[in-house]
Each structure stands twice: as structure tokens, then as C-alpha cells.
Amino acid sequence: MTAEIHNGAVSMLDPSQLLRPERVYDGKPVDAFRDYSVDNEDPIKERVRKTYYTMHTNVTVDLVKQKREKWLKFNHFTATVKEALIKLNDLVDESDPDTELPNIVHAFQTAERIRQDYPHDDWFHLTGLIHDLGKVMAFYGEPQWCVVGDTFPVGCKWADSIVYGPESFKDNPDTYNPKYNTKYGIYKPHCGLDGLMMSWSHDEYLYQFLLHNKSKLPEKGLYMIRYHSFYPWHAGGDYRHLTNDRDEQILQWVLEFNKYDLYTKNAPVPDMEALWPYYEALIQKYIPGVCEW
């Protein structure tokens, strides 16, 4: 157990209890860590653990193929981006140990912090607002374990830095399939992120939604959305045997976005009603009209 002093306050941190081992977070204040420690008496930690264990048991190559076939037809509902965002008023992410607020609050917190630091990059503001919008799948029959949380490739060996570690995949059939449980699995060395089949989640769905609906967001915004939950890569340093030179540029974009996603959850709740006119104008500029979801 080690003591850390932050702004005059002393807090105790046992690193062995933090089941997110990425060194990139070394030196951060304790309250900035995503704490995935196990505590059966803590209802939030237990909810988070169960969500991830269910995900890691069920997300297989076959399941990802099924979900892509189901969702990438974009025939589930039609709505404007604002109408879809409003649905997030009723969603609390079961995989998130850092906030119990509805997801739309996190959306505005992220967007407004980006706006503060990048006042002239309106595409970046909108990227922050919509980055979790793919979670609307939870309102159309998908369990949260197949919608929220960190992402990882299927079809190859599970990385050590995935939340709760390889042990959490002990009941996943792909763990024992020789086609899928080797270092490269179904992939070739340095095939690139675009060549990977990622676990099905809100990230991939929203990325594909934006392509399908001909969004005008720049490429860097699209990739921020597509890989912002891929912590084992951008924070854990894993899967570099599968990435290529192009992915190094994507990594910089994702890291720049991620600090706003991760560290704004304790920010004050913005006056969302007052902010809507600004963000509605951005939606009209980059993703206008009624969209297919």
C-alpha cells in the first residue's frame, strides 16, 4: 500500500487492486483512475464486474458477425441525431465505475471541455457530444454488455491489459479454439486496425452509422469515435504486432480525444438546455436531417 498526496490530501492506493494495468495512468490522481477492483460489497463495482464478465464470456467471433449483420442494415429506427441523443437521458452505463449520471450528461461534459480547449474546432465539439451515441442500441433489444464498455479484437489471443484480464474469458469458447487463441489468430502481422474485427460495441456501430449517413465529420473525428474504447491498445500498449504505421496517426487522435472522455466525468453538469442551440447547429452542419439507425 502506498500513500499519495494530492492538493494536501493523503489517500491510500494499492496498485494491485486496480485491475486496469496500463502504465499510461501512472502518476495520475487516484480519483482519475478507472477503478476496476473487485469488491462484492460495493454494488457499483459488482455491477461493473458482472457486466464485463458477461461480455467476456459471450463476445465471440460468431457473435460479432451476427451483430454486424443485424445492425449494419440500419433498419431499426429513424431519428435526428438530437432525438437519439435525448434517449441517452435514460441510460446509465452499467460498465462505468466513474459516474451514475445519465449518459447525456457525460456527452455534454466531454463536448464542453473540448470546446473550452479547442474553441475553433467545432467538429471536435460535436465528436465529443456524440461519441457514445451508439449506446442507443440498448433501447432496441441489445443487453448493455453488448453495447458499452472497453473494446478488443476477437479472433486472436486476449491481451493481458483487457479489463479483469484473461481470466475473465475462461468461459468464452473462443479461448479454447486454436483458430482464435494464438498471438495472431485470424490476422496477419501488422494488418492494421482497419483489418481487425473488434468486439461489437457502441464505438463500431456509431462509426459505421456515420459512414452510412454520410456524415461530414473529418476522418480524425471518425477514428476518435471508432477506437476511443479500445483501451488495451491506446492505453495498455497491446496489439502493436497487429497495427501498422497508419495506426500511429490514429493513436495520436484517439489519445487527444480520450483525455476529455476519461477525465471530465467529475466536471459540473452543464446547462444542457442552454447549450442545445449551439450543438443543434453543429448537428445540422455535419449530420443533418433524419438518419437511419
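What distance should the 15 residues of helix 10 span, and how far apart are its end C-alpha atoms?

1. Basis. This is a predicted model, in which local features need pLDDT of at least 70, side-chain atom pairs count only at pLDDT 80 or more, and totals for chains, interfaces and linings use all residues. Residues are numbered from 1 along each chain as its sequence is written, and side-chain values use heavy atoms, with hydrogens and water left out.

2. Span of helix 10. Helices here are DSSP runs (H or I, at least four residues), numbered from the N terminus. At 1.5 Å a residue, helix 10 should span 21 Å, and its end C-alpha atoms are 20 Å apart, which agrees. The expected span is 1.5 Å times one less than the number of residues.

3. An α-helix has 3.6 residues a turn, so residues three or four places apart point the same way.

4. Leaving aside neighbours within four places in sequence, Leu-133 is in contact (heavy atoms within 4.5 Å) with Val-81, Ala-84, Leu-85, Leu-88, Leu-206 and Trp-293.

5. Helix 10 to helix 5. Lys-285 and Asp-122 form a salt bridge (2.8 Å, N to O). Lys-285 lies in helix 10 and Asp-122 in helix 5, so the pair ties together parts that are 163 residues apart in sequence. A salt bridge is a side-chain nitrogen of Lys or Arg within 4 Å of a carboxyl oxygen of Asp or Glu. Asp-122 is buried at 17% relative accessibility, while Lys-285, at 43%, is partly exposed (between the 20% limit for buried and the 50% above which a residue is exposed).

6. Other salt bridges. The structure holds 14 salt bridges. Among them is the pair Glu-204 and Arg-68, at 3.3 Å, N to O. Glu-204 lies in helix 6 (residues 202-212) and Arg-68 in helix 2 (residues 61-71), so this pair links parts 136 residues apart in sequence.

Definitions and conventions. Helix = DSSP H or I, 4+ residues; strand = E, 2+ residues; numbered from the N terminus. Buried < 20%, exposed > 50% of the residue type's maximum accessible area, 1.4 Å probe, protein only.
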